[in-house]
Amino acid sequence: MDDLVRMSATELADALTNGQVSSVEVTQAHLDRIAAVDGAVHAFLHVCDDEALATAREVDRARSAGEDLHPLAGVPVAVKDVVVTHGVPTTAGSRILEGWVPPYDATLVTRIKHARLPILGKTNMDEFAMGSSTEHSGYGDTHNPWDLDRIPGGSGGGSAAAVGAYEAPLAIGTDTGGSIRQPAAVTGTVGAKPTYGSVSRYGLIALASSLDQAGPVTRTVLDAAWLHELIGGHDPLDSTSLTDPVPDLVGAARQGATGDLSGMRVGVVTELGGEGYQPGVLARFSEALELLTAAGAEVVEVSCPHFEYALAAYYLILPAEASSNLARFDGMRYGLRIEPSAGPVTAERVMAATRGQGFGDEVKRRIILGTYALSAGYYDAYYGSAQQVRTLVQRDFSAAYAKADVLVSPTAPTTAFRLGEKLDDPMAMYLNDVATIPANLAGVPGISVPAGLGDDGLPVGFQVLAPVRADDRLYRVGAALEAALESGWGGPLLAQAPELEVAR
């Protein structure tokens, strides 16, 4: 059974198709792994044992009957708890939604169910996806499988930790400012943020509607391509959904894995490196560039001067949208309801008591900041100016893509920091997203691929960014780098992670 949880999703899919193993066996192996190690990792908020096994049994029956199945049918997946799931608790990591069971599925969950992937459960996250460390969950911290005293990234640390700890071969995350790519970087996994609008947001509990995007978290680039293709595509239920067909991502990953990047222009963004980046992170990035050059890519330097202001603009736009989106959590319609302990029970006092007790410190901080930025007299100075910077960042991307087919940088400036290390310094926490945020402001796709270990022996991520609707380029370049690096390592980076103690 231990061998099953260490196989990639593609390997599991092949084994299932060839009849070498059943979906029940694969699903049970992962449920057993969750039971054994998740007490230490805390990647999951809810585990769907019965539902996952029921799906697995149905897949095995259908396969025995000769039915035409999706290539990933029977391969288990974990889902970030910001994605609504019919009949399964969905909390967005917040006490204000404790016990809420949605009456419908998000579109991406509908697609996963239609393809018959057993859903293992819902993964932990920073409350309403606000955070870079998964220390802001209302239900406790998630721990990095490489070092349980360190953060697994955020806000989707639960999904990345589940994949990194071999609790799930596939997972769904969401990326508002790097919350798929940054956790992937610090856990040695692969995380992709699709082009904005290419994966439906219907059924995602909104943080910042112009920034949020769901995507895959996996252990290989090819696995990410398979899952991305499955959940992507137009959705009439989402007004921001693109009508474009999903590119051939699996084909691009397979092409890249041959190691040929001839004709590919790779642009190194000068503003995403240097001061604030750990030496080990920069060293692994330079080594990865050499491998891309050896694969035939032309490496050029590009400047995106307004990226310097992206972090500040993001932390005005996101809080402003969050303050609006989170106004619906008021103790009146669903979720937590707290009545004042004394005095009259008025709507205003119930809302104040509910939001005061239901929201954590980081959520309150951003609601206050966003409300202030949108207030009369300050809108133009703050929110309006931030949107102007956003346009300049988009123009920087356009100019850069005239010189390069993809842009690259370290995914995060540092490896995983210790739990509690930055909790009292929000600005230091925010700086961890400095390399990932520009992609969200512009809506361009990005992927993080493991690039090796830093000087402290912890994973480092290599980020690839492509133009809007050119997600296939991510997978071609990512797979080429992955193949070159694993050839040198003698296998996946995760194989170098220390073994977790298994509960008996």
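Contact here means heavy atoms within 4.5 Å of each other. In this predicted model, helix H14 (residues 380-401) lies across strand S7 (265-269), S8, strand S9 (406-410) and strand S11 (459-465). The direction of H14 is at about 115° to S9.

**Sheet**

- An open sheet is formed by 11 strands, with mixed pairing.
- The strand order is S1-S3-S2-S4-S6-S5-S10-S11-S9-S7-S8.
- Strand S1 (44-47) and strand S8 (298-302) are at the edges, and each has a single partner strand, so one side of each is left without a neighbour in the sheet.
- From one strand to the next, the twist averages 25°.
- Val-47 stands opposite Gly-121 in S3.
- S8, the other edge strand, is one of the strands that H14 lies across.

**Helix pair H8 and H17**

- Helix H8 (residues 221-231) packs with H17 at an angle of about 160°, and their axes are 9 Å apart.
- Because angles over 145 degrees count as roughly antiparallel, H8 is described as roughly antiparallel to H17.
- On the H8 side, the residues in contact are Val-221, Ala-224, Ala-225 and His-228.
- On the H17 side, Asp-471, Tyr-475, Gly-478, Ala-479 and Glu-482 meet them.
- By class, the contact of H8 with H17 has 5 nonpolar, 2 polar and 2 charged residues.

**Largest cavity**

- The whole structure contains 5 cavities of 30 Å³ or more.
- The volume of the largest cavity is about 80 Å³.
- The largest cavity is lined by Gly-188, Val-190, Arg-219, Val-449, Pro-450, Glu-482, Leu-485, Glu-486, Trp-489, Pro-492, Leu-493 and Leu-494.
- Strand S10 (446-453) and helix H17 (471-489) are the elements that give two or more residues to this lining.
- H17 provides the largest share of the lining, 4 residues.
- Glu-482 of H17 is among the residues that meet H8, and Glu-482 also lines the largest cavity.
- By class, the lining of the largest cavity has 8 nonpolar, 1 polar and 3 charged residues.

**Second largest cavity**

- The second largest cavity has a volume of about 70 Å³.
- Its lining consists of 14 residues, and those nearest the centre are Ala-129, Gly-131, Ser-179, Tyr-314 and Asp-433.
- Helix H11 (residues 310-325) gives the largest share of this lining, 3 residues.
- The lining of the second largest cavity divides into 6 nonpolar, 6 polar and 2 charged residues.

**Backbone geometry**

- The peptide bond that joins Gly-154 and Ser-155 is cis, with omega at about 0°.
- Ser-155 is located in the loop between S3 and helix H6 (157-164).
- Arg-116 is not a glycine, yet its phi is positive, at about 65°.
- Arg-116 is placed in the loop between helix H5 (107-114) and S3.

Methods. Residues numbered from 1 in each chain as written. Predicted model: local features only at pLDDT ≥ 70, side-chain atom pairs only at ≥ 80, totals over all residues. Heavy atoms only, no water. 1 Å grid on protein atoms, 1.4 Å probe; cavity = no way out; pocket = protein on both sides within 12 Å on 5 of 7 lines; lining within 4 Å. Points joined across faces, edges and corners; volume = space filled by probe spheres on them. Nonpolar A, V, L, I, M, F, W, Y, C, P; charged D, E, K, R; others polar. Axes fitted to C-alpha atoms, helices over the stretch in contact; angles between N-to-C directions. Parallel < 35°, antiparallel > 145°, perpendicular 65-115°, else oblique. Pairing = 2+ DSSP bridges.
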